[in-house]
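Okay, thanks for coming, everyone.

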Amino acid sequence: MVLFSEMFVSELKGVPVVDRLQEPVGEIRDFVLTVGEVFPKITGLLVRVYDKAADLLVLMGEIDLIGKQFVVTKSLKERIVFAKPRADELLLMRDVLDKQIVDTEGARVIRVNDLKLGKIEQDVRLIAADVGFRGLLRRLGLLGILDFMFGLLRKKVPDTLIGWDHVEQLKTGRAKGMITVPTKHLSEMHPADIANIISQVHSEERTAIFASLSDKTAAESLHELEPKIQALLLTTVDTKKALGILEKMPADEVADVLGDIPSERAEELLRLMKPKKATQIRKLLSHPEETAGGLMTTEFIAMPRNLTVQQTIEKMRELAPDAETVYYIYVVDEAEKLAGVLSLRFLIISPPETLISKIMVKDVIAVDPEMNQRQVAEVISKYNLLAVPVVDKDNKMLGIVTVDDVVDFILPPISRRIRHMLG
Amino acid sequence: MRFPRLKRIWIFLAILGPGVIAAIAGNDAGGTATYSIVGARYGYHMLWMLVLVGISLIVIQEMCARMGVITGKGLSDLIREEFGLRWTLFAMAVLLIANVAVTISEFAGIAASLEIFGITRYLTIPFMVVLIWFLMTRGTYKGVERIFIAMCFIYFAYIFSGFLARPDWELVFKHTFVPSFELDLNFILISIAMIGTTVTPWMQFYLQSSVVEKGIKMKQYKYQKWDVILGSIVAVIIAFFIVIACSAVLHPRGIIIHEAKEAALALRPFAGGYAAALFALGLFASSTLGASILPLSSSYAICEAFGWENGISKKFNEAPVFYALYTALILIGGGVVLFPKLNLINVMLFSQTTNGILFPFILIFMLFLVNNRRLMGQYVNSKFNNLVAWATALVLILLTILLIVATFTGQIT
């Protein structure tokens with residue numbers, strides 16, 4: 001099979017198909033492709049066959065040559081094998097062209113204006129998506145005019161192509177039950193980029209993308225999303241997946257998210273969670289969302305005052321994986337009252353046999369659970385803290401609020417993603 | 001969390017919005033002018049048509065919201081994905097022309113309302129153009145929007161005014177159910193304007209996008225559906241009473257409305273000496289709301305269809321086409337109104353006629369989409385929906401043909 005150089009799908013639509021004696025057979029309607037490989041392979045042409053007045057499938061093995069002027073088959077008209085296309089066939093023009101794709105390199109969602117085919121070894125494959133202005137004009141048959149006009153200025157408008165190895169196809173437009181393209185790059189992207197993409201696509205695809213991520217990546221991306229989308233995703237993914245994701249999130253973030261979704265769903269998830277974590281979360285949920293209590297996490301490091309530096313470090317090795325921050329070690333007395341705080345740095349540079357109650361800072365800056373989140377942010381920012389402990393009236397430690405929980409109040413709201421429309 | 005019964009109301013209130021807000025904001029400059037003219041010039045004669053338009057408004061808006069819920073995509077996305085590039089170009093051209101016309105009428109409304117307070121349009125329009133541009137692109141719009149929407153409730157004053165004006169209820173009743181028609185250029189022109197201002201191209205794009213943006217699922221759709229139906233009913237009731245008030249107050253005195261302050265007289269039975277100020281405030285709020293939403297909603301629709309970067313969260317050099325379109329629309333809208341000696345009422349009326357002439361094209365796209373089983377599954381249109389929607393499209397096309405014929409045969413009265 002011969003393909004004259006690389007070609008755009010728009011240039012091939014409606015191209016006449018002739019047999020080896022130049023007898024007209026029909027014209028190209030669409031291309032059938034298989035997925036699963038980096039560059040999807042074109043397996044056949046959907047041809048409008050004049051004699052049969054139907055759109056039939058001609059497999060690539062029957063084709064001798066594909067050109068912009070015509071397509072030639074290997075055998076004579078009477079001997080060409082036509083197949084009836086299945087309903088779930090993946091068609092290039094119907095299912096890919098004009099749809100949205102994810103450009104994983106640029107981390108954006110973009111619309112396909114045209115598609116480029118190329119020959120790789122013996123196969124014709126989909127090699128790139130044209131997402132630029134040239135693609136639009138080529139589709140409209142106006143590319144010649146553009147090139148002429150820019151030619152006068154001695155300039156050339158470049159193609160805006162995205163190699164298919166950087167494309168993630170979305171579920172869009174395909175009938176139910178069709179094969180979904182395996183996620184290649186998406187799961188390897190930064191969670192913030194994934195979140196950015198999720199917020200740009202339509203609701204059904206949001207769930208599809210989200211469900212395809214690993215629990216850990218999903219948990220990290222979820223944190224980056226707007227509350228509205230978070231809630232939507234957690235209500236639409238299946239319960240098992242939702243639990244897996246919540247398991248990977250710190251308790252305070254889980255509480256935030258659960259506070260936004262319908263109460264039945266939140267209850268259901270809480271019931272199925274590990275009892276210890278569920279209890280923590282229920283406690284957090286009892287505080288209003290915009291207060292220190294609502295912001296705090298219960299995963300902090302607290303040590304009894306009678307430990308030595310050496311013992312503390314050993315104990316931290318066991319506890320640290322669960323804690324939200326390891327930079328502050330809180331010291332509590334027998335009644336679990338907050339007695340002091342110790343920085344990680346100070347802990348490491350102190351002699352191993354020293355009692356931590358001797359080296360800790362006794363004047364701890366703490367907030368009470370009812371304090372408004374803005375004030376909490378002010379406290380953290382004023383004293384340059386990485387975290388601030390939350391204590392009740394008896395000075396008993398309830399949790400900590402870390403700087404990343406309040407960073408939105410400290411920084412101007414530029415980083416917030418305001419997505420779209422006014423509705 | 002602990003009040004399951006309250007929750008149901010909460011869901012309703014949360015979803016309440018796109019439909020009702022679109023309906024109230026839809027009663028904009030063009031709408032006010034058109035309904036007032038209908039009442040002032042033809043008395044109760046067109047009420048029957050308004051009832052029919054009301055039915056098609058409910059059907060079409062519901063169709064649109066349903067499409068948004070099922071497909072999860074905006075109207076321009078769907079047109080691009082299902083009809084390809086050439087048809088998209090056509091649809092977007094239609095939308096753009098219609099929206100330019102409406103944007104002009106919104107600025108005409110702003111100018112007219114502030115001229116009632118005696119401030120010249122040469123001051124107000126440039127000021128408002130700049131203000132709206134900054135409000136929308138700097139993201140401070142959300143808060144301001146609520147104030148404007150609240151101000152739009154002034155239009156409910158027409159309901160009281162309509163009653164207090166003591167209309168001839170027998171006549172109102174008769175003309176609500178017995179059709180009458182005149183084969184006259186103005187009558188046709190105003191009929192198209194009345195349909196075109198009630199069911200508009202931009203509203204379909206705006207409503208469907210907001211439904212999609214809210215991420216409403218089929219389970220919650222029953223609430224959304226009622227939001228849309230309620231919104232449509234509210235819009236038509238207000239329109240109905242604008243017509244009645246104008247018929248009762250203006251029609252007997254032979255005032256056919258050349259200026260906005262004449263239209264304000266219809267509020268006199270309710271507001272007395274404050275009628276002009278009340279009318280001007282309502283008109284100003286609804287026009288500003290329209291002038292803010294329309295250019296932005298058009299830019300979104302067009303950029304999404306062609307896959308250009310869009311969104312007010314992007315910087316100018318990230319989304320150049322989006323910002324260029326948005327800015328151009330506002331400048332054209334404001335600029336046209338500044339032409340000397342332009343009659344603002346006529347601008348508002350003719351822009352609605354343009355809307356009405358163009359709407360069938362968008363409606364036909366919608367009908368093909370909403371009846372596509374591959375997209376909509378079991379939620380395709382019912383026979384009744386199809387009947388109403390196709391009838392609306394055909395009536396508008398027919399009226400447009402009549403309008404052209406009447407123009408060329410010179411039946412201008």
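Let's begin with confidence: pLDDT is the predictor's confidence in each residue, on a scale from 0 to 100. We need that because this is a predicted model, where local features need pLDDT of at least 70 and side-chain atom pairs count only at pLDDT 80 or more, while totals for chains, interfaces and linings use all residues. On bookkeeping, residues are numbered from 1 along each chain as its sequence is written, and chains are lettered from A and ligands numbered from 1 in the order in which they are written.

So, chain A has a mean pLDDT of 81, with 91% of its residues at 70 or more. Over residues 172-182 of chain A the pLDDT stays under 50, and the model has 17 contacts there beyond four places in sequence. A contact here is two residues whose C-beta atoms, placed from the backbone, lie within 7 Å. Residues 413-423 of chain A are also below 50, and that stretch has 25 contacts in the model beyond near neighbours in sequence.

Going by element, confidence in chain A is lowest in strand 1 (residues 2-3), with a mean of 61, and highest in strand 3 (residues 16-18), at 91. Helices (H or I, at least four residues) and strands (E, at least two) are DSSP runs, numbered from the N terminus.

Now the layout. Chain A splits into domain 1 (2-92), domain 2 (191-286) and domain 3 (302-410), with bounds that come from an automatic or database domain assignment. Taken over C-alpha atoms, the centres of domain 1 and domain 2 of chain A are 46 Å apart.

Next, a sheet in chain A: three strands, order 15-16-17, open, with mixed pairing. Pairing means DSSP finds at least two bridges between two strands. Strand 15 (302-304) and strand 17 (338-343) of chain A are at the edges with a single partner strand each, so one side of each has no neighbour in the sheet. Strand 16 (residues 328-332) of chain A runs antiparallel to strand 17 of chain A, with five bridges joining them. A:V331 sits opposite A:G340 in strand 17 of chain A.

What about strand 18 (residues 387-391) of chain A: how many of its five residues are buried? Five of the five, so the strand is largely enclosed by the rest of the structure. Buried means 20 or more other C-beta atoms within 10 Å of a residue's own, exposed means 12 or fewer, and partly exposed is in between, with C-beta atoms placed from the backbone. A:A387, A:P389 and A:V391 point one way from this strand, A:V388 and A:V390 the other way. Strand 18 of chain A pairs antiparallel with strand 19 (residues 397-402) of chain A over five bridges, and A:V388 has A:V401 as its bridge partner. The two strands make a hairpin with five residues between them, and A:N395 in the turn has a positive phi of about 65°.

Speaking of positive phi, A:Q22 is near 70° without being a glycine. A:Q22 is in the loop between strand 3 and strand 4 (24-34) of chain A, and counts as exposed because 9 other C-beta atoms lie within 10 Å. Over in chain B, B:K341 is another non-glycine with positive phi, about 60°, and is exposed, with 4 C-beta neighbours inside 10 Å.

Last stop, helix 3 (residues 29-42) of chain B. Of its 14 residues, 14 are buried, and B:G43, which follows the helix, has a positive phi near 60°.
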